[in-house]
Amino acid sequence: MAKKEQKPKITMEELNKELRGYIAQIEALRAEIAVIDESIATYRAVIQTINNLKDLGKGKNILIPIGAGAQIEAKIEDPDRVVVSIGSGISAELTAEEALKYIAKEITTLQTLRTTLEQAIAEAYQKTEELLQKTRELGQEEGKASK
């Protein structure tokens, strides 16, 4: 007669440790999503600013905030010339339309990343629920065994 292989018995402490790991993972993913949301909001503000400057047109005077509530007057010389950071400390001069397309592409990339992170959170929540169920079952087994 073949012996039945027994699964190693998992302890409540191991379940709780794994559960805490998933909870920490969920919190970290949420923090990443918050950073992405902030970046998307910043990009959208840039889009609005580019469009507003284009609408004002060449030669208009504007006030530029320089910090601590101070502003400096400037004149729009060429609202179609936009310098955009393209990464690694490198910037490129683009037309306003090219800059708007570039920024829209960046937003799309961030939104895709956000969706991926949301899926990872959903998976971590599912694992958390499974672990909670195992914890309840183990607790019931331990309760019966102690009687």
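A salt bridge is defined here as a side-chain nitrogen of Lys or Arg within 4 Å of a carboxyl oxygen of Asp or Glu. The model is predicted, so that local features require pLDDT of at least 70 and side-chain atom pairs count only at pLDDT 80 or more, while totals for chains, interfaces and linings use all residues. Residues are numbered from 1 along each chain as its sequence is written, and side-chain values use heavy atoms, with hydrogens and water left out.

The protein chain contains 2 helices and 4 strands, taken as DSSP runs (helices H or I, at least four residues; strands E, at least two) and numbered from the N terminus. Their order along the sequence is α-β-β-β-β-α. The radius of gyration, 27 Å, is well over the 15 Å given by the globule rule for 147 residues, so the chain is more spread out than a compact globule; the radius is taken over C-alpha atoms, and the rule is 2.2 Å times the number of residues to the power 0.38.

The whole structure holds 4 salt bridges. Among them, R114 pairs with D37 at 2.5 Å between the closest N and O atoms, joining helix α2 (residues 96-145) to helix α1 (residues 12-56) across 77 residues. The side chain of R114 also meets that of E118, at 2.1 Å from N to O; these two residues lie 4 residues apart within helix α2, about one turn.
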